[in-house]
Amino acid sequence: MTTETKFDAIIIGAGAAGLMAAMTAGQRGRRVLLLDHNAEPGAKILISGGGRCNFTNREAPANRFLSGNPHFAKSALSRYKPADFIALVDRAGIAWHEKTLGQLFCDGSAQQIVAMLMKGCRDAGVIFRFDTPIASVSRQSMFHVKTEGREEFRAPALIIATGGLSIPKLGATGFAYRIAEQFDLPMIKPEPALVPLTFDQPDLPLMRGLSGTPCEVVATAGKTRFREAMIFTHRGLSGPAILQISSYLKAGDSFTVDLLPGANAREALLATKRTRPRVALRTALAEHLPQRLAHALAPEDDQAPPIGETSDKVIGALAERVQNWRLTPEGTEGFAKAEVTRGGIDTRALSSQTMASNDVPGLHFIGESVDVTGWLGGYNFQWAWASGFAAGQAV
Ligand SMILES: Cc1cc2nc3c(=O)[nH]c(=O)nc-3n(C[C@H](O)[C@H](O)[C@H](O)COP(=O)(O)OP(=O)(O)OC[C@H]3O[C@@H](n4cnc5c(N)ncnc54)[C@H](O)[C@@H]3O)c2cc1C
């Protein structure tokens, strides 16, 4: 337990961004206090990537991030690249592998990433205080942080790294937004992103009936498209393609799903009609899609004619449903299931170099609390590392 009360920088939030900022500032000789209300650091790192932490992506260009200002993230991302984090992981002797689409995971456990960052912080002299809820923050000649345990710490720099609202049961709170409000910083409304979508009539019964069925799809909203896996759920749709497209949808927006990417369902069905006219339509479709899915899309009774006696119009309509299925979600599964929060502290209020407020000197916001939201695939951690590094270099 520390008896010191004055530091060069206080960081609130010992997640990905806060740990990186603390280590970076500590390595520069700064006296750093890192506070968190959770008993342990890095709760989200530990559960990320199915317990193996998709800690970055081979490439992290700014166009893989959503933000009110798409240019904002460029500076921090260019000064701390995926290769920098990979070098850190390699120096720590952590074995890793690449999965699809440049995604890098630990061979062993996400715990190794937390241990690496904690060791980096310890070696750099960072003081930790976990299990420490914050009572108030104020700014006089310095920032004063009072804990619920009635301690008070002071520093000329305060870094808010408390993340967004997703997964409250892991300790997520709206703390960063409350601090932004207290200091009059503008906000973009926080909303669930990378989140499963929910549906009601007429689509839900079919989706519920297919619950657990995976398939590869292209999900498209406007000019944005993702070719990845999708899975039907008892509430609607999930899987990487759906999580990705969810970040681009506003309430009431629709999007399309191509269940047969790279193929032409209409031509394939018409070819079967010509060459094997006695085959049932659903059987013909099941040659291209998982059987459960094909049967759900082309339900038939005993009287249904074989494909040879089915009109081209009916075949065309089925093909259109397969390749251009227009869907309007009823909503999302919310912050309880969202991998991230989009929106947050408006980047117009922050320096892209230091992540500091333009109007409140010394007050920095990093990581998911800021209106920068990555795609699925290691990008959100890369933003946490890069923004944490930028602030850690500046305090
Ligand atoms: C299930 C799941 C899997 C994910 N997998 C991946 C993945 O594989 N790859 C990837 O790139 N991204 C992944 N993400 C997203 C990634 O975890 C986050 O974007 C990232 O952790 C954000 O880092 P952060 O430091 O900003 O916030 P967090 O990591 O959320 O850290 C915030 C910290 O602040 C603390 N805190 C919050 N409120 C308070 C308060 N009031 N007082 C004190 N402390 C507080 C919290 O306890 C926490 O320690 C995943 C997210 C989830 C939910």
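A polar contact is taken here as a pair of N or O atoms within 3.5 Å, where, within protein, one atom must be able to donate a hydrogen and the other to accept it, and residues adjacent in sequence count only if both atoms are side-chain atoms. The structure is a predicted model, in which local features need pLDDT of at least 70 and side-chain atom pairs count only at pLDDT 80 or more, while totals for chains, interfaces and linings use all residues. Residues are numbered from 1 along each chain as its sequence is written, and side-chain values use heavy atoms, with hydrogens and water left out.

Around the ligand, a polar side-chain atom of Thr173 lies 2.6 Å from a ligand nitrogen atom. On its own the ligand has 1000 Å² of accessible area (Shrake-Rupley method, 1.4 Å probe), of which the protein covers 92%.

The protein chain is divided into domain 1 (9-191 + 341-394) and domain 2 (196-333), with bounds that come from an automatic or database domain assignment. The C-alpha centres of the two domains lie 39 Å apart. Five residues of domain 1 are in contact with 10 residues of domain 2, contact meaning heavy atoms within 4.5 Å. Between them the domains bury about 680 Å², 54% of it on carbon and sulfur atoms, where buried area is the accessible area (1.4 Å probe) that two parts lose on being put together, summed over both. In domain 1, Arg342, Trp375 and Leu376 lose the most area to domain 2, together accounting for 64% of what that side buries. Five residue pairs, both members at pLDDT 80 or more, are in polar contact across this interface.
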